Amino acid sequence: MKRIVYFSVIILSLLVSGCRGAKLSVADEQMARGEYNDAAKTYRKVYNKLTKKEERGKRGEVAFKMAECHRKLNQSARAAAAYQNAIRYGCPDSMAQLHLAEMLHAEGKYSAAINMYKEFLMRNPNSFIAQNGLAGSEMALENQNKKTTRYVVKNAKLFNSRRADYAPMYFDKTCDALYFTTTNEKVTGDKKSEITGMKKGDVWFAKKNEKGEWQRAEPVEGELNTEFDEGIVAFSPDGNTMYLTKARREPNASTGVEIYTSQRSDAKWSAPVKFEVTSDTVSSYGHPAVSPDGTYLYFTSDMPGGEGGKDLWRINLKEKAGSLENMGNILNTPGDEMFPYVRTDSLLYFASNGHPGYGGLDLFRAELQPDGRWKVINMGTPVNSSADDFGITFGMGENGFFSSNRGDGRGYDHLYSFELPDLKISISGWVLDKDEEPIPNAVIRIVGNDGSNQKEVARDDGSFKFPLKRGVKYVMLAGAKGYLNSKQSFESDNAEEDAEYGIDFFLSSINKPNVVENIFYDFDQATLRPESKVALDELAQILRDNPNITIEMASHTDRWGEEDYNIDLSQRRAKSVIDYLTEVGIEADRLQYQGYGETRPKTVSKKIAREYPQFKEGDVLTEEYIEALIEEDQEVADQINRRTEFSVLSVDYNLY
């Protein structure tokens with residue numbers, strides 16, 4: 001109803017040909033004045049009387065007018081039913097088809113709306129409204145039952161009445177007081193609006209208590225509210241001036257709105273005084289919004305010189321004369337753009353049915369680009385819905401309130417809160433030794449290219465966890481007493497969703513040999529196979545991450561073959577590893593190699609015992625031990641003995 005009470009200057013030129021009578025003439029007059037609630041009731045009575053077969057055409061035309069009233073009142077379900085009746089009874093006005101598509105769109109019946117838009121476009125291919133509606137319906141159908149943003153939206157039940165409550169606005173940057181428009185039963189005056197059937201709007205406000213909890217709303221003090229319509233407010237930066245919209249109601253004249261100002265003194269607001277925008281007294285001006293620095297007053301108007309429908313305009317409050325400016329055809333469309341909210345010099349929010357949306361009015365964010373052009377972005381669901389969503393105000397951060405008539409079959413608007421929760425992005429994992437046993441008290445550091453630097457000590461089970469930010473490159477380093485440092489890098493992506501990354505560190509011991517997995521040679525050869533490169537590169541990185549150590553590279557064979565031959569083969573294999581490491585830049589004097597053949601059989605570790613439970617931790621895989629096993633287990637034991645490993649010889653290389 002915001003578009004009715006505060007912005008209805010439409011005088012329809014629809015006249016029912018050949019259908020006259022007192023009731024119908026009264027309805028036409030009511031409709032021409034914008035008294036849609038009363039007109040809808042009168043048209044209903046006329047419609048119900050047209051029961052004869054020869055009156056079918058007249059019934060269709062009356063149904064169309066009745067549908068128009070319900071559409072203006074945002075009663076999309078009733079409007080859709082009436083448009084369907086208009087088409088059924090042969091109403092000649094092709095707009096019935098277009099408006100039916102719009103009402104189906106507003107009801108969230110996207111497939112039906114798409115079909116109706118397409119049918120209308122077959123006859124009217126250049127219709128901007130139909131093209132825009134089709135694009136919005138297709139977008140909405142694609143995203144139906146999805147949240148396209150992370151916003152959390154809740155009904156602000158504390159502020160809402162059984163009537164309409166809308167257009168919230170924070171009083172100042174503290175966000176401790178919220179003003180809004182209401183038509184609840186306690187507003188000033190006893191008469192109900194001929195336009196909406198509700199009592200006329202007043203400005204109410206709510207405050208937070210000492211604990212930061214919102215209290216119930218109450219009327220503003222002073223002379224602001226009257227028996228007429230007041231609402232949709234904005235404030236000067238110093239909080240001393242309120243800009244508001246008042247309905248212009250004159251007998252036998254169309255309904256319009258104008259901007260007024262009220263002054264604050266001792267927490268009371270003065271009687272409103274008209275704010276002269278231009279000398280044009282026919283057009284409507286409403287929905288004021290003040291820029292944060294107090295320079296500009298943004299508002300909505302249907303005055304000539306716009307893009308059609310209702311447009312966003314602004315005027316310089318410091319240089320009022322000659323500063324009137326239309327906001328241009330990127331923001332404005334042949335549809336309606338209303339309820340501006342200026343968050344910063346380059347960030348503007350508004351409601352529109354002229355940009356592709358989910359139905360009715362949608363909320364849009366407009367970002368001013370470096371080239372001076374605006375980029376318009378639909379705020380997505382759940383902020384937007386198939387119903388009317390409008391009148392947003394932001395608190396300190398990505399939270400605040402807006403208005404919507406979602407879920408209300410009467411078309412009444414209510415206040416909703418919204419909040420964009422902080423992204424929950426983290427990285428977690430474990431610090432383990434090469435036997436995959438936890439290393440308690442390991443120290444993990446994480447440094448981001450955004451300047452962040454965090455440190456944590458691993459828990460007793462070796463686990464750790466860090467919070468992260470989106471789109472940041474990180475380097476992590478883990479270390480512990482008696483172990484070599486390990487470094488890893490990664491980048492968090494930019495997806496707008498919660499995420500938990502996983503990363504584990506396997507630290508090499510300084511005090512015992514460390515097996516290097518996945519080192520492969522051809523049978524009976526010392527030449528490294530290509531698939532060994534990954535493991536060898538990881539070993540090279542360990543040496544780079546620990547530049548003060550020297551190591552011995554050892555190779556071992558199984559029990560098969562002559563002892564001298566195995567010693568020689570393992571010696572050559574160990575040297576192949578050293579050769580590769582020097583080729584990739586590791587200093588040769590940090591590296592030694594030794595072939596041990598079959599002289600140092602492997603002792604079963606916890607990790608080996610877990611993987612091969614036929615062996616017990618501490619068992620030594622000697623030739624005698626292996627020959628006592630079944631053939632299948634012998635092959636496994638030989639495989640375990642065939643290994644390449646390194647041991648740390650010193651930790652003071654190049655320190656002195």
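Guide: A charge is said to sit over a ring if NZ of Lys or CZ of Arg lies within 6 Å of the ring centre and within 35 degrees of the ring normal. The model before us is a predicted one. In this model, the charged end of Arg-406 sits over the ring of Tyr-416, 5.2 Å from the ring's centre.

Visitor: Over which ring does the charged end of Arg-343 sit?

Guide: The ring is that of Phe-394, and the charged end of Arg-343 is 3.9 Å from its centre. Phe-394 and Tyr-416 also belong to a cluster linked by ring pairs, together with Tyr-151, Tyr-341, Tyr-349, Phe-402 and Phe-418.

Visitor: How many aromatic pairs are there by the rule for rings?

Guide: The count comes to 34 aromatic pairs. Because Phe-490 lies in strand β27 (residues 486-491) and Tyr-501 in strand β28 (residues 499-502), the pair ties together parts that are eleven residues apart in sequence.

Visitor: Is Phe-490 buried or exposed?

Guide: The cut-off for a buried residue is under 20% relative accessible area. Phe-490 has a relative accessibility of 17% and therefore counts as buried.

Visitor: What is the order of the strands in the open sheet of four strands?

Guide: The order is β2-β3-β4-β5, and the pairing is antiparallel. The edges are held by β2 (165-170) and β5 (218-219); each has a single partner strand, so one side of each is left without a neighbour in the sheet. Strands β3 (residues 177-182) and β4 (residues 202-207) pair over six bridges, again in the antiparallel sense. Phe-180, for example, has Trp-204 in β4 as its bridge partner.

Visitor: With which strands does β17 pair?

Guide: One partner is strand β16 (residues 347-352), joined to β17 in the antiparallel sense over six bridges. Here Ala-351 has Leu-363 in β17 as its bridge partner. The other pairing is with strand β18 (residues 374-378), antiparallel and over five bridges. In that pairing, Leu-368 stands opposite Trp-374 in β18. The hairpin of β17 and β18 has five residues between the strands, and Gly-372 in this hairpin takes a positive phi near 85°. Strand β17 (residues 362-368) has five of its seven residues buried, so the strand is largely enclosed by the rest of the structure.

Visitor: Which residues touch the most other members of the largest nonpolar core?

Guide: In soluble globular proteins, nonpolar side chains tend to be buried together. The largest core here has 39 residues, and the ones touching the most other members are Tyr-43, Val-62, Cys-69, Tyr-83 and Tyr-117. At least two residues of this core come from each of α2 (22-32), α3 (36-49), α4, α5 (76-88), α6 (95-106), α7 (110-123) and α8 (128-142). Apart from this core lies another, of 26 residues, including Met-169, Ala-177, Leu-244 and Phe-394. If neighbours within four places in sequence are left aside, the contacts of Tyr-43 include Leu-24, Met-31, Val-62 and Cys-69.

Visitor: Where does Leu-539 lie, and with which residues is Leu-539 in contact?

Guide: Leu-539 lies in helix α9 (residues 533-545). At 2% relative accessibility, Leu-539 counts as buried. Leaving aside neighbours within four places in sequence, Leu-539 is in contact with Val-516, Met-553, Val-577, Leu-581 and Phe-646. Leu-539 and Phe-646 are 107 residues apart along the chain, yet their C-alpha atoms are separated by 9.4 Å.

Visitor: In which helix is Ser-576 found?

Guide: Ser-576 is found in helix α10 (residues 563-583). Ser-576 is buried, with a relative accessible area of 18%. Not counting residues up to four places away in sequence, Ser-576 touches Ala-526 and Leu-528.

Key:
Residues numbered from 1 in each chain as written. Predicted model: local features only at pLDDT ≥ 70, side-chain atom pairs only at ≥ 80, totals over all residues. Heavy atoms only, no water. Pairing = 2+ DSSP bridges. Phe/Tyr/Trp six-rings, centres within 6.5 Å; stacked < 30°, edge-to-face > 60°. Buried < 20%, exposed > 50% of the residue type's maximum accessible area, 1.4 Å probe, protein only. Core = buried A, V, L, I, M, F, W, Y, C linked by side-chain atoms within 4.5 Å. Contact = heavy atoms within 4.5 Å.
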